[in-house]
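Biologist: I have a model open and want to learn how to read it. Where do we start?

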Amino acid sequence: ALVTFKIDTKGSDQVAAKIAGFPHIEDVFLVTGDTDIIAKARFPSYAALKKFIVDDVADIDGIKETKTFMVVTTFKERGKVRAEEDEEEKK
């Protein structure tokens with residue numbers, strides 16, 4: 001999942017550090033534009049993602065809004081292009 005966060009910008013470093021502290025979070029970026037932080041995460045289930053958003057994120061002061069994007073297909077990750085055949089072989 002990719003999760004975007006709009007935050008009170010004066011506490012951006014502290015909010016980003018708290019988000020980065022969760023075990024399912026792989027990457028955290030402070031960015032410019034319509035959002036302030038983007039996090040990349042992997043969850044074992046939708047229920048775990050939901051718990052993170054509803055319970056864990058709600059406990060972090062300074063977060064004003066989140067948007068969550070579920071990844072459906074990965075075409076390239078960490079510089080490596082993933083072919084459909086490779087994905088089918090893993091099944």
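Modeller: Start with burial. Buried means under 20% relative accessible area, exposed means over 50%, and partly exposed lies in between (1.4 Å probe, protein chains only). At 23% relative accessibility, Phe22 therefore counts as partly exposed.

Biologist: What should I know about the source?

Modeller: This is a predicted model: local features need pLDDT of at least 70, side-chain atom pairs count only at pLDDT 80 or more, and totals for chains, interfaces and linings use all residues. Residues are numbered from 1 along each chain as its sequence is written, and side-chain values use heavy atoms, leaving out hydrogens and water.

Biologist: How many aromatic pairs does a search of the whole structure find?

Modeller: Rings of Phe, Tyr and Trp (its six-membered ring) pair if their centres lie within 6.5 Å; planes under 30 degrees apart count as stacked, over 60 as edge-to-face, the rest as tilted. The search finds two pairs. Phe22 and Phe52 are edge-to-face, 5.2 Å centre to centre with 80 degrees between the planes. They sit 30 residues apart, so the pair links distant parts of the chain. Phe22 is in the loop between helix H1 (12-20) and strand S2 (25-30). Phe52 is in helix H2 (residues 46-56). Helices (H or I, at least four residues) and strands (E, at least two) are DSSP runs, numbered from the N terminus.

Biologist: Is Phe52 buried or exposed?

Modeller: Phe52 counts as buried because its relative accessibility is 3%. Phe43 and Phe52 form a tilted pair: 5.6 Å centre to centre, 40 degrees between the planes. Phe43 is buried too. Phe22, Phe43 and Phe52 form one aromatic cluster.
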